[in-house]
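Please read the following account with the sequence and the model side by side.

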Amino acid sequence: MESAKIKNYCVAVKERGNDVVFLRRIIKGNADKSYGIHVAKLAGLPKSVISRAEEILATLHRENNHKAPTADTAAVADNMNSLFETVLTERLLSLDVMSLTPMEALSELYKLQMQAKKATGKD
């Protein structure tokens with residue numbers, strides 16, 4: 001049953017090849033696809049994270065083309081965990097542990113723990 005009080009809106013988008021331009025205009029209706037990776041690029045996420053997200057998306061598209069249209073939530077969860085692990089690994093590799101003070105090291109460890117809790121829903 002559809003409620004008269006609920007309406008669906010989205011941001012207007014113009015695509016040019018692999019480039020996406022968000023037109024800063026809200027229009028009635030729903031988006032024709034997800035633009036999460038494009039938003040991540042705009043947000044400045046590391047290229048390695050973007051590349052991994054694109055790999056996961058390509059895998060999901062391949063899997064969905066070979067299966068019935070039901071969602072495989074286990075595969076999606078595994079891919080999200082893999083993306084989180086990639087982000088976590090990139091963050092750990094970027095730290096110069098030997099130059100951190102004990103307090104800085106503790107602070108970084110706390111931040112990583114908070115990210116892990118948030119990503120796993122255990123916060």
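Helices (H or I, at least four residues) and strands (E, at least two) are DSSP runs numbered from the N terminus. The buried residues of H2 are Val49, Ile50, Ala53, Ile56 and Leu60, where buried means under 20% relative accessible area, exposed over 50% and partly exposed in between (1.4 Å probe, protein chains only). These residues cover an arc of only 125° around the axis, which puts them on the same side of H2, the arc being that of the directions from the helix axis to the C-beta atoms. On the other side of H2, Lys47 and Asn65 are exposed.

The model is predicted, with local features needing pLDDT of at least 70 and side-chain atom pairs counting only at pLDDT 80 or more, whereas totals for chains, interfaces and linings use all residues. Residues are numbered from 1 along each chain as its sequence is written, and side-chain values use heavy atoms, with hydrogens and water left out.

Rings of Phe, Tyr and Trp (its six-membered ring) pair if their centres lie within 6.5 Å, with planes under 30 degrees apart counted as stacked, over 60 as edge-to-face and the rest as tilted. By this rule there is one aromatic pair: the rings of Phe22 and Tyr35 have centres 6.0 Å apart and planes at 85°, so the pair is edge-to-face. Phe22 lies in strand E2 and Tyr35 in the loop between E2 and helix H1 (36-42), so the pair ties together parts that are 13 residues apart in sequence. Tyr35 is buried, with a relative accessible area of 10%, while Phe22 is partly exposed at 24%.

Strand E2 (residues 19-28) also holds Ile26, which is exposed, with a relative accessible area of 59%.
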